[in-house]
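This report goes through one chain, from single residues to the overall fold. Have the sequence and the model at hand.

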Amino acid sequence: MLSSLTPKSVWTIFNQICQIPHPSHHEEMITKFIIDFAATHKIECHLDKTGNILLRKAATKGMEHYSSIALQAHMDMVPQKNEDTQHDFLIDPIKPYIDGEWVKAQGTTLGADNGVGLASALAVLSDPSVEHGPLEVLVTASEETGMVGAFGLQPNWLNSRFLINTDSEDEGEIFTGCAGGVDFKSSFPITYAVIPEFHDTCLRISLKGLKGGHSGCDIHLGRGNAIKLLIRFLAEYAQDIPFRLSDFRGGSLRNAIPREAFAEITLSQKDLARFEQITKQFEEILKHELKHVEPNLSLTYSKLEKEQVKRVITIDQQNKILNWLNCAPNGVVRMSDEIPGIVETSLNLGIVEIKDNQIAIYFLIRSQVDSAKDAVVSSLISQSQLISCDYEVNGGYSGWTPNLDSKLLKLAEHNYHEIFDQKAKIMVIHAGLECGLFTKNYPYMDMISIGPTIVSPHSPDEKVNIKTVEKYWLLLLSILKSADKLA
């Protein structure tokens, strides 16, 4: 039971959050939970038109003169599951369990991103033993699919001059800056033809078993992108077999590295033995190339009934799809010159889907440098125009510029050393945090981001380290208790 873990209040609330379906854009139940929670604990509660929630609590007696601090978390989670897991994110609870030093979920994302941060903020509000000055808790909506809540945050709603974002994922690191991002979609219509008469065999090809992960935090780890790998197989290794493509899909979120991709093809029975040979050959090639990062990779195929595949894509369109995706950029574009070991610019080819006679290809571009982000967008526009694709650029936002003179940063750094007798690392994260958007309407707000250690967010391998939740909690409480030093 999670409630047996320390800190009990945080884990108990996190377990409650796990029982409530709350994927992005389906946050009605978690919103009701937070509003009811506020009513139960007699906490002031406000809901804005975007779906953000603002909670306020008066200071602990004798701490009324302290600077007001806002704790901030987002209410939604990334809904990812393994293909063989039966789970409906709109109705089914997440099933967390303890595995040694970690808390994991059964076959799905755990939602520790950002459920642990949300749970800690609610625990601060409800735990009478926590000492604090004037306190606000901001819970934003649909962060994972474009920072909807942060974009819609109204000015003059928060009273606090200081904000602690709880959405970073490395305990012992205090974040003071993040990358900006932008979404890019390329699409074009698909034309179909009848299945060639001599194509008497239909197959579904599956590339599975990859780790996936967060397209910001994990993009530099060299993990395989299932879309790119399966397209590589079709565009290169399978080209000596006259197959016809009927369908292709891969990934499910533009901010998650695709773990799985699938293609449906037709071919002649006489070519099946050769196809099986090159499938095994390519799987071995990938296992050799990615043996250190993707040990569970698999490339397989299964037969489909002929009536399951009713048509194929025209050969011209097939070549257009394979060539586009085979040369599509993906991964790290440039490392930072200013901060060693930090990615400056990257892009993630996150989703490919064919529906309604159209193929759509989704990217998420991230960068600490706006001009570098714009350069990647420009290259995708050029590539789209070369093959007459339609394209859309949406949801662009600038990064969060580091402030190394931040009072809140200096207090957190000092307290971390006092509590744990070691120095915290001051970091900039390549993932997007909402802090950069908050500065639009709150330009003078002093902000940091802290959190426990979460591994493989945005994938079913997501797990949170138990000991680091306690360390994160102790740091958070110490900052609240010593906030008089922020004056």
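Met147 is buried, at a relative accessible area of 3%. Buried here means under 20% relative accessible area, exposed means over 50%, and partly exposed is in between (1.4 Å probe, protein chains only). Met147 sits in the loop between β6 (135-140) and α4 (148-151). Its phi is positive, about 55°, although Met147 is not a glycine. Helices (H or I, at least four residues) and strands (E, at least two) are DSSP runs, numbered from the N terminus.

The model is predicted: local features need pLDDT of at least 70, side-chain atom pairs count only at pLDDT 80 or more, and totals for chains, interfaces and linings use all residues. Residues are numbered from 1 along each chain as its sequence is written, and side-chain values use heavy atoms, with hydrogens and water left out.

Lys42 also has a positive phi, near 55°, in a residue other than glycine. Its loop runs between α2 (28-40) and β1 (44-47). Is Lys42 buried or exposed? Lys42 counts as exposed, at 77% relative accessibility.

**Cis peptides**

Two peptide bonds deserve a look. Thr6 and Pro7 are joined by a cis bond, with omega about 0°. Pro7 belongs to the segment before α1. The bond from Asp113 to Asn114 is cis as well, with omega near 5°. Asn114 lies within helix α3.

The table gives accessibility.

| Residue | Relative accessibility | State |
|---|---|---|
| Glu434 | 1% | buried |
| Phe248 | 0% | buried |
| Leu347 | 1% | buried |

Glu434 is in the loop between β20 (425-429) and α10 (435-441). What does Glu434 touch, not counting residues up to four places away in sequence? Its partners are Gln72, His74, Thr140, Glu143, Met147, Ala150 and Asn165. A contact means heavy atoms within 4.5 Å. Lys320 is 114 residues from Glu434 in sequence, and the two C-alpha atoms are 37 Å apart in space.

Phe248 belongs to strand β12 (residues 244-250). With residues up to four places away in sequence set aside, Phe248 touches Ile227, Leu230, Ile231, Leu234, Ala261, Phe262, Ala263, Val352, Glu353 and Ile354. Glu264 is 16 residues away along the chain, and its C-alpha atom is 6.5 Å from that of Phe248.

Leu347 is part of strand β17 (residues 343-355). Beyond residues up to four places away in sequence, its contacts include Ile219, Pro329, Val333, Phe363, Ile365 and Leu380. How far apart are the C-alpha atoms of Leu347 and Ser302? They are separated by 32 Å, at 45 residues along the chain.

**Cores**

In soluble globular proteins, nonpolar side chains tend to be buried together. A nonpolar core is a set of buried Ala, Val, Leu, Ile, Met, Phe, Trp, Tyr and Cys residues joined through side-chain atoms within 4.5 Å. The largest such core in this chain has 66 residues, and Leu71 and Ile479 have the most contacts inside it. Helix α3 (residues 112-126) gives the most to this core, with 9 residues. Another core, of 53 residues, lies apart from it; among its members are Ile205, Ile265, Leu297 and Cys389.

Ile479 reaches across the sequence. Neighbours within four places aside, Ile479 is in contact with Ile69, Ile164, Leu408, Leu411, Ala412, Asn415, Ile448 and Ile450.

**Helix packing**

Helix α1 (residues 8-18) packs against helix α11 (residues 466-481) at an angle of about 115°, with the axes 10 Å apart. Axes are lines fitted to C-alpha atoms, for helices over the stretch in contact, and angles run from 0 to 180 degrees between N-to-C directions. Ser9, Val10 and Trp11 of α1 meet Ile466, Val469 and Trp473 of α11.

**Whole chain**

The chain holds 11 helices and 23 strands. Its radius of gyration is 24 Å, close to the 23 Å from the globule rule for 487 residues, so the chain is as compact as a globular protein of that length. The radius is taken over C-alpha atoms, and the rule is 2.2 Å times the number of residues to the power 0.38. Along the principal axes, the C-alpha atoms fill a box of roughly 85 × 45 × 45 Å. Of the 487 residues, 58% count as buried. Among contacts between residues at least 6 apart in sequence, 80% join residues at least 24 apart.
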